[in-house]
Amino acid sequence: MKLGFSAADEAFRAEAADWLMGQMTGDFVDIRHIQGLTASPDRRKQWEQRLGEARWSCIGWPEQWGGRDASLAHQVIFAEEYALCGAPGRLGHIGVELAGPTILTFGTEAQKARFLPDIAAGRTIWCQGYSEPGAGSDLGNVRTKARLDGDEWVVDGQKIWTSLAHVSDWIFVVTRSEEGSKGPKGLTFLLMPLDQPGIDVRPIRQINGEAEFNETFFDGARTHADNLVGAPGNGWNVAMGLLAFERGVSTLGQQMGFRNELDAIIAAAKANGAASDPLIRQRLAKAEIGLRLMRYGAMRMLSNTDHARPDGAALTYKIQWASWRRSLGELAMDVLGQAGEVTDAAGYDWPTLPNLFLYSRADTIYGGTNQIQRNIIAERALGMPREPRGTQ
Ligand SMILES: Cc1cc2nc3c(=O)[nH]c(=O)nc-3n(C[C@H](O)[C@H](O)[C@H](O)COP(=O)(O)OP(=O)(O)OC[C@H]3O[C@@H](n4cnc5c(N)ncnc54)[C@H](O)[C@@H]3O)c2cc1C
């Protein structure tokens with residue numbers, strides 16, 4: 001097993017770092033280190049387009065569709081350098097990491113030509129319409145209905161927690177298209193334009209004051225029949241394929257962002273004296289160990305050449321990083337003490353570390369809760385009996 005990057009990988013790293021730093025100290029200095037996903041949406045759209053122009057937006061995609069055919073190692077390196085230089089969270093990430101790979105895997109050639117170049121160029125922003133008030137972990141409970149009317153699908157129902165719907169152009173939705181069907185049967189996966197009278201997007205304010213996600217209501221909303229992915233009634237397979245991208249090894253590169261966060265906590269602890277508290281010191285050391293273990297785990301996963309079939313270690317990664325980061329948020333607040341609970345910023349604009357604490361509560365929920373991840377590890381990695389599913 002080889003744990004490390006080759007000389008060619010390091011040359012690629014230098015090229016990526018050079019370009020990114022040039023942007024972040026040049027044209028896009030105003031959005032460097034910007035927090036959350038909702039601030040400065042217009043500038044962030046311009047940033048998506050700049051990434052697209054330079055073909056740095058979705059480097060793992062085929063060149064034909066605006067990518068670079070980059071290896072997984074290079075994708076991780078790029079994500080690391082992206083975080084290191086303080087580039088902002090990607091407004092286009094749902095298109096680049098979820099919609100695009102799904103269309104590449106399950107879409108027709110016409111759908112690839114229609115959608116992929118716009119995603120790669122940062123011209124369209126996407127959001128994900130999976131969760132409903134009664135369907136989160138158990139996606140088989142989806143009740144949003146779709147019916148074919150001539151050459152259009154008509155959709156009625158409600159999605160919830162739709163991140164970035166208010167700034168998006170397109171949404172992919174899991175719908176129930178077969179009357180009376182239950183569970184994973186009878187679901188249909190549709191791509192829909194958001195800007196139409198039948199769709200109403202209403203923001204939900206989060207604990208950190210941002211409104212990054214929304215309720216999305218469909219009332220006679222329409223999309224062309226060509227925007228069906230997979231076969232009608234076979235949407236479960238497409239939806240599950242997409243979740244594999246969301247929970248998969250594509251998140252490996254985020255560790256440099258974690259490094260920045262832990263370094264900021266260590267600096268705060270040194271500055272305010274918390275570093276002399278033996279319990280805080282132990283927790284800082286434990287966080288450092290956890291981060292290094294994640295890094296070596298990531299290297300090990302990269303050295304597994306069959307990325308299409310992640311092994312048991314890859315299945316444990318989501319719960320590992322999400323739990324680590326949630327504890328890191330708690331540590332940040334204990335280091336800051338009372339100063340972490342007040343802000344003199346305008347409105348509800350929290351400084352970085354309290355914001356980390358508040359946002360990291362979500363890490364163990366989205367993309368599959370910790371409990372669901374444990375079920376996945378038990379069933380797929382350990383081969384234990386399937387837990388009973390209410391809807392199947
Ligand atoms: C920041 C954020 C952004 C999000 N963005 C999107 C988005 O863009 N699009 C979208 O569609 N959704 C999005 N979601 C929703 C997310 O996918 C769901 O919150 C998640 O799937 C959990 O579903 P739920 O909230 O309905 O909780 P539930 O499924 O109701 O779960 C409630 C609790 O019960 C536990 N539980 C449920 N089933 C089991 C089981 N079988 N075994 C053991 N425990 C179980 C869960 O772990 C959890 O603790 C987002 C969520 C967050 C927090």
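Which residue in S7 stands opposite Ile-204? In this predicted model, Ile-204 stands opposite Phe-213 in S7. Residues are numbered from 1 along each chain as its sequence is written, and side-chain values use heavy atoms, with hydrogens and water left out. Because the model is predicted, local features need pLDDT of at least 70 and side-chain atom pairs count only at pLDDT 80 or more, whereas totals for chains, interfaces and linings use all residues.

View 1. Strand S6 (residues 199-204) is joined to S7 by six bridges, and the two run antiparallel; strands are DSSP runs of E with at least two residues, helices are runs of H or I with at least four, and both are numbered from the N terminus. Two strands pair if DSSP finds at least two bridges between them. Strand S7 (residues 213-224) also runs antiparallel to strand S3 (residues 152-159), with eight bridges joining them.

**View 2. The hairpin of S2 and S3.** Five bridges pair S2 with S3 in the antiparallel sense, and Asp-149 stands opposite Glu-152 in S3. Two residues lie between the strands of this hairpin, where Gly-150 takes a positive phi near 65 degrees.

**View 3. Surroundings of the ligand.** The ligand is surrounded by 18 residues, of which the closest are Ser-131, Ser-137, Trp-161, Thr-369 and Gln-371; a residue counts here if one of its heavy atoms lies within 4 Å of the molecule. Helix H11 (residues 370-381) gives the most to this shell, with three residues. Among the polar contacts (pairs of N or O atoms within 3.5 Å), a backbone N or O atom of Ser-131 lies 2.7 Å from an oxygen atom of the ligand, while a polar side-chain atom of Glu-387 is 2.7 Å from a nitrogen atom of the ligand. The ligand taken alone exposes 970 Å², of which the protein buries 67%, with accessible areas from the Shrake-Rupley method and a 1.4 Å probe.

**View 4. The second largest pocket.** This pocket holds about 250 Å³ of space, and Lys-145, Arg-176, Glu-178, Gly-180 and Ser-181 are the closest to its centre of the 16 residues that line it. A pocket is an open set of points on a 1 Å grid over the protein atoms alone, where a 1.4 Å probe fits, with protein on both sides within 12 Å along at least five of seven lines; lining residues have an atom within 4 Å of a point. Strand S2 (residues 145-149) supplies the largest share of the lining, three residues.

How values were computed. Points joined across faces, edges and corners; volume = space filled by probe spheres on them. Polar contact = N/O pair within 3.5 Å; in protein donor to acceptor, adjacent residues only side chain to side chain.
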